[in-house]
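Hello,

Here is the structure for your files. My notes on it follow below.

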Amino acid sequence: MTLPLTPEHQLFRQTVRDFAEKELFPHRDEWEKARGYPREVFNRAGELGLFGVTFPESVGGSGGDYWYKVVFCEEMVRCRMAGLVMDFLVQADIATPVIDAL
């Protein structure tokens, strides 16, 4: 099966990949030893538009389709920190939908 990814999806893929590999992975040992990571990590992810990718732009999202979420999940694992990835997914897929529903 060929995924229906556009050039925009591929650009988003590169953004997520660079974030995971260049901004997160280098801190893996330090953050895992500390059993946490700085709050700024969430701020940076927000700056890059990684949260709310499937929400409409009218509510602050990126207006992307389901495949943006797939790309996000495929690339975030490159940081090699399952807990951090899970925190991002909880924020994006559990907390954000509740806020949007208010």
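Helices (H or I, at least four residues) and strands (E, at least two) are taken as DSSP runs, numbered from the N terminus. On that basis the protein chain has 5 helices and 0 strands.

This is a predicted model, in which local features need pLDDT of at least 70, side-chain atom pairs count only at pLDDT 80 or more, and totals for chains, interfaces and linings use all residues. Residues are numbered from 1 along each chain as its sequence is written, and side-chain values use heavy atoms, with hydrogens and water left out.

Of the 102 residues in the protein chain, 32% are buried (under 20% relative accessible area; exposed is over 50%, partly exposed in between; 1.4 Å probe, protein chains only).

The structure holds 9 salt bridges, each a side-chain nitrogen of Lys or Arg within 4 Å of a carboxyl oxygen of Asp or Glu.

- Lys22 and Asp18 form a salt bridge at 3.7 Å, N to O. Both lie in helix H1 (residues 7-24), 4 residues apart, about one turn of the helix. Lys22 is exposed at 58%, and Asp18 is partly exposed at 26%.
- Glu23 and Arg44 form a salt bridge at 2.9 Å, N to O. This pair links distant parts of the chain, with Glu23 in helix H1 and Arg44 in helix H3 (residues 40-47), 21 residues apart.
- Arg78 and Glu75 form a salt bridge, their closest N and O atoms being 2.6 Å apart. Salt bridges with shared partners join Arg13, Arg17, Glu21, Glu74, Glu75 and Arg78 into one network. Glu75 is buried at 2% relative accessible area, whereas Arg78 is partly exposed at 29%.

Regards
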